Amino acid sequence: MDWRWQMSNRLNSADELARVINLTDSERRALSAKGLFRVDITPYFASLIDPNDPLCPVRKQVIPTDREMVPFQSMMEDSLAEDKHSPVPGLVHRYPDRVLMLITTQCASYCRYCTRSRIVGDPTQTFSRAEFDAQIDYIERTPQIRDVLLSGGDPMVLAPRLLDMILGRLRAIPHVEIIRIGSRVPVFLPMRVTPEFCDMLDKYHPFWLNIHVNHPKEITPELAAAADRLTRAGVPLGNQSVLLAGVNDSVHIQRKLVHELVKIRVRPYYLYQCDLVEGSGHLRTTVSKGIEIIEGLRGHTSGYAVPQYVVDAPGGGGKIPVMPNYVISQAPGKVVLRNFEGFITTYTEPLDYDPHEIQHQEALIARRPEPGQEGVLALLEGERMAIEPEGFGDTHARGGGEHRLRSGDIAQKWQPLGVGSIEVHKPRERLASGNNETE
Ligand code: SF4
């Protein structure tokens, strides 16, 4: 129960693991291979592994097999293009109002499917004091950031004083409203969640924590006690799990998982589709399996226990929610929906609904600017008419250049009335003045 002892007695070689687990030939080959993602397993987490079951779901998460060395189509080193969205090393600014701040590359144990295996586990890639300064400086001069998520690696393995310092500096930034940590320490090393650690977090509210449990076997009395200490320190807890073949790709395992989580006051938050990251090929499932799992949860258990299933877009598009289709058909005034049992019903919409009635109240709320990221909402709010792929206009001009029907001011003919900025509404002015000349 001493977290420092756990960290310094982690198991990482075939010889060490063979003392407590009957390794398969495939596992032995992987453990002696060069260049594989780092292996380190806390004795506590190793004790959850069934030593005689090569299919044990805990084992598959942390002990490599030689299947990890098999490449697969579309695999990438940085499948979420995080480094592309990084204004300074370790800071990923992908969404309008929040950032991901990577503050270490070290973890308590290493997951075989880690999306950041390109840097995680490698002490030479870890972040320096100067890089923390650059990350914090970027946040300070970017007022649109209201939410900072600390991750890594695992921020909870950082030296306590260093984590305290980083949290303190973030809390001192007036526009940072909430601070979050994503951590697997409560799962790999629950004894790290000491009362002193919780007291430290308590200074930085509103502070949120997401843990990472994939299978009900990981929910032990030790994890339950750690979750209880965090909850009593006022830290709201969520869980994000990754959908993994042979680990949790089952409606019934997922149902058991979410039920056990809510019993320890952890809200299932995300179920991730496994990323296209090197080494994870054998752990990936189809997306349809994820949809089937949500089909088996939504309605079948409390809404509170149903995570959002997401595909984190390869190439850096961010999280895309995916779910079964509950809308069967629509017509003006009617929406036909189905529930989890297959019951089909009609929602009758009001025909006199006035979406403008709220405008007076809405005007009292300051809008948050989202420069360049207004997205589909901008289409709905009338700020733009279309979103075009890069080069769309040039492709459709077919190299023809300007001619009498598409030159100069006449290009205004594609400006939709009442959409976008006022100054380009010349067609409306012409209409108002009755001047229809095509000068
Ligand atoms: S705890 Fe998170 S960062 Fe660390 S190896 Fe696992 S998935 Fe990667």
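Helix 10 buries Leu223, Ala226, Ala227 and Leu230, where buried is defined as 20 or more other C-beta atoms within 10 Å of a residue's own, with C-beta atoms placed from the backbone. This is a predicted model, in which local features need pLDDT of at least 70, side-chain atom pairs count only at pLDDT 80 or more, and totals for chains, interfaces and linings use all residues. Residues are numbered from 1 along each chain as its sequence is written.

**Helix 10**
- The buried residues of helix 10 fall within an arc of 100 degrees seen down its axis, so they line one face of the helix; the arc is taken from the directions from the helix axis to the C-beta atoms.
- On the other side of helix 10, Pro221 and Arg232 are exposed, the term for 12 or fewer such neighbours.
- Helices are DSSP runs of H or I with at least four residues, strands are runs of E with at least two, and both are numbered from the N terminus.

- Strands in the order 10-11-12 form an open sheet with antiparallel pairing; two strands pair if DSSP finds at least two bridges between them.
- Strand 10 (327-331) and strand 12 (344-348) are the edge strands, each pairing on one side only.
- Strand 10 is joined to strand 11 (residues 334-338) by four bridges, and Ser329 has Val336 in strand 11 as its bridge partner.

**Ligand shell**
- Among the residues surrounding the ligand are Cys107, Tyr110, Arg116, Asp154 and Arg184; a residue is near a molecule if its C-beta atom, placed from the backbone, lies within 6 Å of it.
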